[in-house]
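Please examine the sequence and the model before reading on.

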Amino acid sequence: MVSVKDIAARCKVSVATVSKALNGYSDISREKRDYISRVAKEMGYFPNSAAIALKTNRTYNIGILFLDAAHSGLTNEHFARVLQSVKEEAESRGYDITFISNHIGGRAMTYTEHCRYRGVDGVVIACIDFDNPEVIELVNSGIPVVTIDHSFDGVTSVKSDNFRGIRELVQKVYELGHRRIAFVHGGDSSVSRDRLAGFYRTAEELGLTIPEGYVLVCEYRDTAGAARMTDQLLDMEEPPTCILYPDDFTAIGGINVIKQRNLIIPEDISVVGYDGTSYAKAQEPPLMTLEQDSEQLGRVAAAQLVRRIENPKTASAEQFVVPGRVLVGGSVKGLKF
């Protein structure tokens, strides 16, 4: 690795002169500063991150805390796109990223301890149990934080418009003539609560009666759970004509059960997903689904976190809501009523 001493030797100047040139001091000529900077670049010099931190009191490193209940990690397509856009936006602003956990090499530590150990300037928190005491400790630690799809008092959040998303799906299904609409929703979270509220509010406004057995819970990305819920719905005396699932991947479990019963989608039963992933588009027929703007979620989260890091005195807590859009697909049949 090229050092300041190496550059000084090449330029035949002192180490102090090189340091001043690279840090933009005005007590040496512009010509000399430009010359030393050009030589440093040619030699492949990069300033030491620890040295930068000492000078600026900033590491230019953003932490990402991400752990979904299904432990699917980056195989979760929606959140993989979110995190990729966080990475791209952070890098465009001069920041690296570090994934935060509560253990390193077998040594247990809290999320806050890991953040301080790595010296991150701030953290994006996404897809995790926000009621976890360690998460709450981090939110209250004084480290700048932005959350995705969850709100804390005094913390900037970026959320998909889950209320509106499920509302638009129910309205579209209703327009196609369906009145017996079931909803298999995800496990308890602010996302699920928003979607449930949107489902019931829209049903009420449309004058729909939702039998108690039509609303069931299944963890996100749990295809086995979706299969059980689908069996339960199809075994009802008056089964639904359309089933909404918590995400596109989970819907596969329901689709498999439907096929095993020799039923055809959408002729015999209609199905709807959520997220707008490649799973939805690859199905035959393609799923009706709500495509979340994953990239925008990540970009806004990273941009707002950098703003809080670089302008701590003026950055206030804000809530940003990102809308999605319905992909009609072909999995919902038009009915006549």
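Glutamate 291 is buried, with a relative accessible area of 16%; buried means under 20% relative accessible area, exposed means over 50%, and partly exposed lies in between (1.4 Å probe, protein chains only). The model is predicted, so local features need pLDDT of at least 70 and side-chain atom pairs count only at pLDDT 80 or more, while totals for chains, interfaces and linings use all residues. Residues are numbered from 1 along each chain as its sequence is written, and side-chain values use heavy atoms, with hydrogens and water left out.

Glutamate 291 forms a salt bridge with arginine 325, and the closest N and O atoms are 2.8 Å apart. A salt bridge is a side-chain nitrogen of Lys or Arg within 4 Å of a carboxyl oxygen of Asp or Glu. Glutamate 291 belongs to strand β12 (residues 289–291) and arginine 325 to strand β14 (residues 325–327), so the pair ties together parts that are 34 residues apart in sequence. Helices (H or I, at least four residues) and strands (E, at least two) are DSSP runs, numbered from the N terminus.

## Other salt bridges

Side chains of opposite charge can pair when their charged atoms come close. The structure holds 15 salt bridges. One of them joins arginine 261 to aspartate 235 at 2.8 Å, N to O. Arginine 261 lies in the loop between α11 and β11 (270–272), and aspartate 235 in the loop between α10 (223–234) and β10 (242–244), so this pair ties together parts that are 26 residues apart in sequence. Arginine 261 is partly exposed, at 31% relative accessible area, whereas aspartate 235 is exposed, at 56%.

Another salt bridge links arginine 81 with glutamate 77, the closest N and O atoms being 3.0 Å apart. Both residues lie in helix α5 (residues 77–92), 4 residues apart, about one turn of the helix. Glu77, Arg81 and Glu295 are linked in a network of salt bridges.

## Aromatic rings

Rings of Phe, Tyr and Trp (its six-membered ring) pair if their centres lie within 6.5 Å; planes under 30 degrees apart count as stacked, over 60 as edge-to-face and the rest as tilted. By this rule the count comes to 6 aromatic pairs. In one of them, phenylalanine 199 and tyrosine 200 are edge-to-face, at 5.7 Å centre to centre and 70° between the planes. Phenylalanine 199 is buried, at 1% relative accessible area, but tyrosine 200 is partly exposed, at 41%. Ring pairs link Phe183, Phe199 and Tyr200 into a cluster.

Phenylalanine 249 also has contacts of interest. Arginine 221 lies over the face of phenylalanine 249, at 4.3 Å from the ring centre; a charge sits over a ring if NZ of Lys or CZ of Arg is within 6 Å of the ring centre and within 35 degrees of the ring normal. Phenylalanine 249 is partly exposed, with a relative accessible area of 23%.

## One face of helix α2

In helix α2 (residues 15–22), Thr17, Val18 and Ala21 are buried. Seen down the axis of α2, its buried residues fall within an arc of 100°, so they line one face of the helix; the arc is that of the directions from the helix axis to the C-beta atoms. These buried residues pack against α1 (4–11) and α3 (30–42), where contact means heavy atoms within 4.5 Å. Glycine 24, whose phi is positive, near 75°, follows α2.
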